[in-house]
Amino acid sequence: MSYHYLIDTHCHLHDQEFFTPEQAEAILKEATERNVREIIVIGTDPDDSAAASKFASAHDNVYWTYGIHPEHASDWRQDESDELLQDSSELLVAIGEIGLDYHYDGYDRGAQIKLFERMLQLALDLHLPVSLHIREAFADAWPVLDNFPGITGVVHSFTGSKQELKRALDRGFYIGVNGLATYTTPPLPPLEKMLLETDAPFLTPVPFRGTINKPGYVSNIAAYLAGKLGVAEEILVEQTTKNARQLFNLRDPLSSAGL
């Protein structure tokens with residue numbers, strides 16, 4: 001099957017801290033007009049994951065993930081983690097975003113690793129891929145991941161070195177590429193391992209820097225990457241959408257009339 005539309009595999013459109021319900025509706029309509037026909041809204045803690053689930057249930061061709069971001073490791077309680085999943089649906093496509101983040105001062109390395117291990121086991125138990133957030137912590141992340149054979153997923157918003165990229169690819173992970181690629185120089189994966197994402201409202205691509213990011217801007221990211229990689233945009237769109245559908249086991253999309 002050929003795919004002629006785009007997927008935003010990582011955004012936070014459900015988060016009302018950044019988007020009012022009215023704004024979200026307008027942004028979804030704009031995304032469809034820009035040929036972005038499926039999106040995945042990403043959970044970052046139990047309450048945020050519940051909001052992502054509710055948002056996905058209310059919109060066609062929107063999926064959600066359950067995750068606890070490493071920034072919440074110190075105040076995470078395990079009994080908060082499982083209740084929402086007891087009533088999960090086919091719209092739940094991954095566990096994430098999860099991982100390790102050593103960027104800011106004051107992080108608790110031990111608490112982050114403990115939470116990361118719990119989330120990876122949850123992914124295995126539910127037979128779901130993971131969406132990984134790893135920042136300045138690859139040296140600790142790889143040994144943890146290697147203790148969970150069978151884990152599949154994507155390294156979201158990859159910012160590591162060429163060596164870390166190789167380590168990710170050698171382990172079978174996909175690589176999330178977003179607006180960062182339009183104004184920095186991250187190493188890029190082969191097309192067969194690339195997923196497109198926005199991380200909206202963050203990491204707005206050129207030429208929209210300075211404004212809030214939106215899922216529709218995946219089309220700009222795709223056009224930029226096609227030029228940079230020297231491939232036809234249609235080929236990049238088809239392959240990255242195929243990659244996303246395979247990793248997240250997405251059902252057939254509904255009519256192109258809307259998300």
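Trainee: Which residues line the largest cavity?

Mentor: In this predicted model, the lining of the largest cavity is made up of Ser157, Phe158, Ile175, Gly176, Val177, Asn178, Leu180, Ala181, Pro186, Pro187 and Leu188. About 60 Å³ of space lies within that cavity, and the structure holds two cavities of 30 Å³ or more.

Trainee: What makes a space a cavity, where another would be called a pocket?

Mentor: The test is whether the probe can get out: in a cavity a 1.4 Å probe fits but cannot leave, whereas a pocket is an open set of points. The largest pocket has a volume of about 750 Å³ and is lined by 31 residues, with His69, Glu71, Asp101, His133 and Arg135 lying nearest its centre. E4 and E5 are the elements that give two or more residues to this lining, and E5 gives the most, with three residues.

Trainee: Why is Asp140 called buried?

Mentor: Buried means under 20% relative accessible area, and Asp140 is called buried because its relative accessible area is 18%. Asp140 belongs to helix H4, whose buried residues, in residues 138-146, are Phe138, Asp140, Ala141, Trp142, Val144 and Leu145.

Trainee: What does Asp140 touch, once residues up to four places away in sequence are not counted?

Mentor: Contact requires heavy atoms within 4.5 Å, and on that test Asp140 touches Leu100, Tyr102, Arg109 and Ile113. Of these, Leu100 is 40 residues from Asp140 in sequence, while the two are 8.1 Å apart in space, C-alpha to C-alpha. The buried residues of H4 as a group pack against strand E4 (92-101), helix H3 (109-126), strand E5 (130-135), strand E6 (153-155) and helix H5 (162-170).

Trainee: How do you know that E5 and E6 are paired, and which way do they run?

Mentor: Pairing needs at least two bridges between the strands, and E5 is joined to E6 by three, with the two strands running parallel; the bridge partner of Leu132 is Val155 in E6. E1 and E2 can be set against that threshold too, being joined by four bridges and also running parallel, with Ile7 standing opposite Glu38 in E2.

Trainee: What makes E1 and E8 edge strands?

Mentor: Eight strands form an open sheet with parallel pairing, in the order E1-E2-E3-E4-E5-E6-E7-E8; strand E1 (6-11) and strand E8 (194-196) are its edges, each pairing on one side only. The twist averages 30 degrees from one strand to the next.

Trainee: Which residues have the most contacts inside the largest nonpolar core?

Mentor: They are Leu13 and Phe248, in a core of 81 residues to which H3 gives the most, with eight residues. Membership requires buried residues of the nonpolar kinds joined through side-chain atoms within 4.5 Å. Leaving aside neighbours within four places in sequence, Phe248 is in contact with Thr9, Ile40, Val93, Ala94, Pro129, Val154 and Leu195.

Key: Residues are numbered from 1 along each chain as its sequence is written. This is a predicted model: local features need pLDDT of at least 70, side-chain atom pairs count only at pLDDT 80 or more; totals for chains, interfaces and linings use all residues. Side-chain values use heavy atoms; hydrogens and water are left out. Buried means under 20% relative accessible area, exposed over 50%, partly exposed in between (1.4 Å probe, protein chains only). Axes are lines fitted to C-alpha atoms, for helices over the stretch in contact, and angles run from 0 to 180 degrees between N-to-C directions. On a 1 Å grid over the protein atoms alone, a cavity is a set of points where a 1.4 Å probe fits but cannot get out, and a pocket is an open set with protein on both sides within 12 Å along at least five of seven lines; lining residues have an atom within 4 Å of a point. Grid points are joined across faces, edges and corners, and a volume is the space filled by probe spheres set on the points.
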